There are 2 protein chains.
Amino acid sequence: MLINTLNYPIYIGALPPITHTGKVLVVSDSVVAPLYLDKLLEKINASQVFSHVIPAGEVHKNQATLEGVLESAFEANLSRADCMLALGGGVVSDLAGFAGAIYKRGISFEIVPTTLLAQVDASIGGKTGINNAYGKNLIGAFHPPKAVYIDPNFLQTLPTREFKAGIAEMIKKAVCFDRDYFEWLRTYPLDQHLELGIAKSVAIKAQVVAQDEKEAHLRMGLNYGHTFGHAIEKEQNYQGFLHGEAVAVGMQMANALAVKLGLLDTHASEQIDALLEIYDLRFDYQVPNIEAFYKILCMDKKNMDRPRFVLPTRIGDFRLIEDIPQNMVMEVLKTWS
Amino acid sequence: MLINTLNYPIYIGALPPITHTGKVLVVSDSVVAPLYLDKLLEKINASQVFSHVIPAGEVHKNQATLEGVLESAFEANLSRADCMLALGGGVVSDLAGFAGAIYKRGISFEIVPTTLLAQVDASIGGKTGINNAYGKNLIGAFHPPKAVYIDPNFLQTLPTREFKAGIAEMIKKAVCFDRDYFEWLRTYPLDQHLELGIAKSVAIKAQVVAQDEKEAHLRMGLNYGHTFGHAIEKEQNYQGFLHGEAVAVGMQMANALAVKLGLLDTHASEQIDALLEIYDLRFDYQVPNIEAFYKILCMDKKNMDRPRFVLPTRIGDFRLIEDIPQNMVMEVLKTWS
């Protein structure tokens with residue numbers, strides 16, 4: 001299947017041969033490379049192929065790892081006509097994409113996502129970046145890939161926990177953009193309809209990005225659950241919940257805030273809870289220090305001085321709310337403390 | 001005077017008041033800040049104004065200095081609606097512009113260039129970046145400013161040597177794009193017609209960039225003298241010639257190569273020499289090691305595996321030449337050894 005809504009093709013299905021006239025630098029991580037690097041290299045036809053393996057994990061999505069990738073690109077003397085290819089999850093594609101964005105002011109870059117989260121979300125839309133001491137993805141660039149190859153076969157080796165974390169990003173899109181998809185996710189078990197479920201999720205994201213690449217408004221909906229979720233990840237120093245799990249908790253926090261503000265009715269909130277429940281995406285979480293947590297919320301990159309929240313108004317629609325009084329947010333946080 | 005060829009206004013004349021609804025972070029360097037920071041701050045009307053002073057000099061256009069600027073931006077908690085403002089020469093605007101490009105995936109950025117080189121060249125066109133161990137501007141982004149304020153009064157305190165180095169970039173544009181401007185530069189002493197000379201140079205660059213922002217072909221002409229020039233700077237570890245001086249030497253090397261290849265006649269080459277002479281831009285330079293120098297040439301970011309050269313074909317036109325046999329380049333280098 002080919003999704004062509006954006007300026008680059010998104011292929012869904014068994015990985016096709018990948019041909020380049022120039023050089024290719026494959027960037028992968030220490031978990032994915034042993035499983036799939038050789039398989040990918042067999043598919044690549046290029047003048048020269050190099051590879052660079054980064055340590056796996058969100059905690060390594062930082063400047064030091066970025067510099068390692070850039071070093072390999074310089075050692076391979078890639079030109080602007082050559083290509084960087086990310087093989088892995090969102091950490092790999094975000095980081096390799098950012099390296100591609102700033103190497104010689106930008107070279108082309110392609111993605112072979114190997115996690116569900118990367119296949120349905122991170123690989124689409126051109127956001128790239130790294131984390132730093134101030135938070136997640138705070139250093140980065142918009143650098144759309146030239147092509148994305150989504151092969152669900154990679155998911156056969158994905159740990160169940162990571163698979164489920166990826167579903168959180170599918171539910172996110174259903175809640176904010178597409179009631180039909182929400183119903184579909186409630187009706188069809190994903191493990192039996194995986195390729196279609198992925199394709200629907202990719203199609204929604206591609207449409208959103210096509211309408212609002214630079215996140216003026218519509219694309220903000222993709223941040224549902226992320227303002228809270230990023231703060232959770234940062235508070236846990238990226239070593240507790242997986243990203244998708246933190247987003248799942250973040251969606252429930254956002255729902256609670258939306259209900260408190262009278263934007264969302266409790267029935268819809270319960271329906272979202274029920275869908276999260278189906279995929280084991282409801283977690284016990286305690287905010288260790290709500291004042292400190294609020295401070296982290298204010299640092300999120302979509303914010304002015306106060307946090308802005310994407311809040312669902314019903315299943316299939318959302319609003320972006322600024323200027324929520326601090327005490328309202330604190331009251332919601334208290335129920336998690 | 002207002003030049004509006006690009007998507008952002010370029011003001012030429014006495015610095016006007018600068019108004020922002022959000023915050024502004026001024027980035028300057030240790031030479032310019034003591035002279036002009038207070039003067040600039042008086043002109044800025046914004047919700048909050050911060051400043052960050054970097055050490056002056058090309059040798060500091062690196063990752064460590066960049067991280068300092070980003071740190072200040074995070075400490076000020078700039079949002080995407082706020083602004084980074086560069087006050088200084090090309091090093092400051094390249095580095096602050098790159099910080100603006102990658103901070104939260106890009107915030108707006110304005111330039112008040114204070115050197116002739118920055119006024120006529122570096123501040124126009126959206127190229128930003130830093131140097132690294134592999135060479136000059138090899139890490140960077142295209143990130144056009146929102147506005148450029150060119151006030152020739154800043155040049156009153158500019159050391160003569162730096163002023164002359166800036167003229168090299170004016171001559172560069174005359175040779176590659178505009179025979180009339182070349183004649184103008186030969187006829188009118190710049191010190192008596194400075195604002196007009198700057199405006200003409202800015203207008204040429206803006207037209208070139210408007211036609212070819214991403215450097216597909218025409219904009220390549222702006223790299224005349226730069227492939228050799230960058231190699232000279234790198235070989236000198238950025239502590240010998242000023243950038244414009246290295247470009248002046250680089251133009252002469254390019255001319256010699258162009259003459260050797262039969263692209264340029266010696267009369268035109270001599271006319272260019274004569275104009276460089278008027279502004280004391282002919283230098284004694286010896287390539288210390290021509291093999292090592294050739295290797296540096298091959299690393300320049302516009303290159304594939306062989307260096308590409310912008311060579312003038314007559315005054316007012318150029319060609320981009322690839323695939324020049326190594327021995328031809330070596331022969332030219334020998335005359336500088």
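Me: What's the strand order in the open sheet of chain A?
Reply: Keep in mind that this is a predicted model. The open sheet in chain A has seven strands, ordered S1-S2-S11-S8-S7-S4-S6, and the pairing is mixed.

Me: Which strands stand at the edges there?
Reply: S1 (2-3) and S6 (48-54) of chain A. Each has a single partner strand, so one side of each has no neighbour in the sheet.

Me: And how do S4 and S7 of chain A run, parallel or antiparallel?
Reply: Parallel: S4 (residues 23-29) and S7 (residues 83-88) of chain A are joined by five bridges.

Me: Which strands does helix H2 of chain A lie across?
Reply: H2 (residues 63-75) of chain A lies across S4, S6 and S7 of chain A, at about 165° to S6(A). Helix H3 (residues 90-102) of chain A covers S4, S6, S7 and also strand S8 (108-113) of chain A, and runs at about 170° to S7(A).

Me: OK, domains. How is chain A divided?
Reply: Into domain 1 (2-156) and domain 2 (167-334). The C-alpha centres of these two domains of chain A are 26 Å apart. Their contact involves 29 residues from domain 1 of chain A and 33 residues from domain 2 of chain A.

Me: What area is buried between domain 1 and domain 2 of chain A?
Reply: About 2600 Å², with 69% of that coming from carbon and sulfur atoms. On the domain 1 side of chain A, the residues that lose the most area to domain 2 are Val120(A), Asp121(A) and Lys136(A), together 22% of what that side buries.

Me: How many salt bridges are counted between those two domains of chain A?
Reply: Five between domain 1 and domain 2 of chain A. Asp121(A) turns up again here: Asp121(A) forms a salt bridge with Lys205(A), where the closest N and O atoms are 3.7 Å apart. There are also ten residue pairs in polar contact between the two domains of chain A, counting pairs with both residues at pLDDT 80 or more.

Me: Which elements of domain 1 of chain A give two or more residues to the side touching domain 2?
Reply: Strand S2 (10-12), helix H4 (116-122), strand S9 (127-132) and strand S10 (135-142) of chain A.

Me: What does Lys173(A) meet in a salt bridge?
Reply: Asp121(A), at 3.4 Å from N to O. That pair links distant parts of the chain, 52 residues apart, with Lys173(A) in helix H5 (residues 160-177) of chain A and Asp121(A) in helix H4 of chain A. Over all chains, the structure holds 38 salt bridges.

Me: Switching to the two chains. How many residues does each of chain B and chain A put into the contact?
Reply: 36 residues from chain B and 36 residues from chain A. The area buried between chain B and chain A is about 3000 Å², and carbon and sulfur atoms give 52% of it.

Me: How many salt bridges does the rule find across the interface of chain B and chain A?
Reply: Two. Glu215(B) and Arg80(A) meet through their side chains in a salt bridge, 3.0 Å from N to O. For polar contacts, the interface of chain B and chain A has twelve residue pairs, both residues at pLDDT 80 or more. On the chain B side that touches chain A, the elements giving two or more residues are H2, H3, strand S9 (127-132), strand S10 (135-142) and helix H11 (290-299) of chain B.

Me: What order do the strands take in the open sheet of chain B?
Reply: S1-S2-S11-S8-S7-S4-S6, seven strands with mixed pairing. S4 (residues 23-29) and S7 (residues 83-88) of chain B pair in the parallel sense over five bridges, and Val27(B) has Ala86(B) as its bridge partner in S7(B). Helix H2 (residues 63-75) of chain B packs on the sheet, touching S4, S6 and S7 of chain B.

Me: Last one: how many residues sit between S12(B) and S13(B) in their hairpin?
Reply: Two, and Gly316(B) in the turn has a positive phi of about 110°. S12 (residues 309-314) and S13 (residues 317-321) of chain B pair antiparallel over five bridges, with Pro312(B) opposite Phe318(B) in S13(B).

Definitions and conventions
Residues numbered from 1 in each chain as written. Chains lettered and ligands numbered in written order. Predicted model: local features only at pLDDT ≥ 70, side-chain atom pairs only at ≥ 80, totals over all residues. Heavy atoms only, no water. Pairing = 2+ DSSP bridges. Helix = DSSP H or I, 4+ residues; strand = E, 2+ residues; numbered from the N terminus. Contact = heavy atoms within 4.5 Å. Axes fitted to C-alpha atoms, helices over the stretch in contact; angles between N-to-C directions. Domains from an automatic or database assignment. Buried area = accessible area lost by both parts, 1.4 Å probe. Salt bridge = Lys/Arg side-chain N within 4 Å of Asp/Glu carboxyl O. Polar contact = N/O pair within 3.5 Å; in protein donor to acceptor, adjacent residues only side chain to side chain.
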